[in-house]
Amino acid sequence: MICRKCGADNKDTNSFCVECGAPIMHEKENSRASKPIGVLAYLGYEILFIIPVVGLVSLLYLALGGTENKNLRNFAGFWLCKIFIFIVIVAVLFLTGVVSINDLLYL
Ligand SMILES: [Zn+2]
């Protein structure tokens, strides 16, 4: 097993690299970490993420390493970026006076 961090060759039974101490990714864990997300799972997560409070908590949990699946972590990260960009755009619209609180109240 080649260490991904330092490239040292380790025994297949090792859990940690003998050179640098990094955890050795075995095939099984590795495939679980990079397992693709299915279409329906994407849809399920989209619905989960738009629920107020619950969605944000789920997003933060998943994006900050609550799942070992890289795809899901990246997807949650992408959602956080999306929310951040949305907040920036709304803030700019309010600060430049394009939109005011009255526009929202008297829609
Ligand atoms: Zn190493």
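Modeller: Contact here means heavy atoms within 4.5 Å of each other, and helices (H or I, at least four residues), like strands (E, at least two), are DSSP runs numbered from the N terminus. The model is predicted, so local features need pLDDT of at least 70 and side-chain atom pairs count only at pLDDT 80 or more, while totals for chains, interfaces and linings use all residues. Residues are numbered from 1 along each chain as its sequence is written, and side-chain values use heavy atoms, leaving out hydrogens and water.

Helix 2 spans residues 39-49 and packs against helix 4, residues 70-95, at an angle of about 40 degrees, the axes being 12 Å apart; axes are lines fitted to C-alpha atoms, for helices over the stretch in contact, and angles run from 0 to 180 degrees between N-to-C directions. The two helices are therefore oblique to each other, since angles under 35 degrees count as roughly parallel, over 145 as roughly antiparallel, 65 to 115 as roughly perpendicular and the rest as oblique. Their crossing is right-handed, meaning that the near helix is turned clockwise from the far one by less than a right angle. On the helix 2 side, Y42, Y45, E46 and F49 make the contacts, and they meet L72, F75, A76, W79 and K82 of helix 4.

In the loop between helix 2 and helix 3 (54-66) lies V53. Most residues other than glycine have a negative phi, yet V53, which is not a glycine, has a positive phi of about 65 degrees. V53 is also exposed, with a relative accessible area of 62%, where exposed means over 50%, buried under 20% and partly exposed in between (1.4 Å probe, protein chains only).
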